[in-house]
Amino acid sequence: MFTISRVHGNFVLFKGDIMGTEKVINLIDEKSRDRFSKYAVIDDMDPDACWGWTAAKCAKGYARFFYKNTSQNAHRISWMISFGEIPKGYVVCRTCGNLTCTNPRHLELVSYYDRAQKTKKKMGEKRREREEGVFM
Ligand SMILES: [Zn+2]
């Protein structure tokens, strides 16, 4: 059974506090969630550690997950399992820079505009901005 307890931390929230609720999100069907949990290598001792990925990766090294008859970015699926729908105009980005990581604690919603700005910056700068609350 795949469960992620409520995640707090570096996420940008929209339209109400998604993570502040106890609501179970069933956007992704249970069978797919179970399959996902078999592929993700989760460190039970350290919830802030990156998750490994044992299933397919694309040529660039990104974790992929077969869902709805197509190969999709695994971190997007991870987001949807944890938090539900990805709002229009936003992408799910990894804050850790690890291409195969699907730890929802390492994922954040970024608008298309912000992503365009962010791609100009290096990972270290991104991390500092987040800690300073620029995206809150
Ligand atoms: Zn990570």
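Let us start with the ground rules. Residues are numbered from 1 along each chain as its sequence is written. Because this is a predicted model, local features need pLDDT of at least 70 and side-chain atom pairs count only at pLDDT 80 or more, while totals for chains, interfaces and linings use all residues.

Confidence comes next, given as pLDDT (the predictor's confidence in each residue, from 0 to 100). Its mean over the chain is 77, with 74% of residues at 70 or more. Strand E3 (residues 64–67) has the highest confidence, at a mean of 96, and helix H4 (residues 123–131) the lowest, at 69. Over residues 1–22 the pLDDT is below 50, yet beyond near neighbours in sequence this stretch has 29 contacts in the model. Two residues are in contact if their C-beta atoms, placed from the backbone, lie within 7 Å.

Now for the fold. The chain holds 4 helices and 6 strands, in the order α-β-β-β-β-α-β-β-α-α along the sequence. These elements are DSSP runs numbered from the N terminus: helices are H or I with at least four residues, and strands are E with at least two. Among contacts with a separation of 6 or more, 51% join residues 24 or more positions apart.

Of the 136 residues in the chain, 22% are buried. Buried means that 20 or more other C-beta atoms lie within 10 Å of the residue's own, exposed means 12 or fewer, and partly exposed lies in between, with C-beta atoms placed from the backbone. The largest nonpolar core has 15 residues, and those touching the most other members include Phe36, Trp53, Phe65 and Ala74. Helix H2 (residues 74–83) gives the most to this core, with 6 residues. A nonpolar core is a set of buried Ala, Val, Leu, Ile, Met, Phe, Trp, Tyr and Cys residues joined through C-beta atoms within 7 Å. Leaving aside residues up to four places away in sequence, Ala74 touches Trp53, Ala63, Arg64, Phe65 and Thr102.

Two leucines are worth a look. Leu107 lies in strand E6 (residues 107–111) and counts as buried because it has 23 C-beta neighbours inside 10 Å. Beyond four places in sequence, its contacts are His75, Ser78, Trp79, Val92 and Arg94. Leu107 and His75 are 32 residues apart in sequence, and their C-alpha atoms are 7.5 Å apart.

Leu99 sits in the loop between strand E5 (90–94) and E6. Leu99 is partly exposed, since 15 other C-beta atoms lie within 10 Å. Not counting residues up to four places away in sequence, Leu99 touches Gly61, Tyr62 and Ala63.
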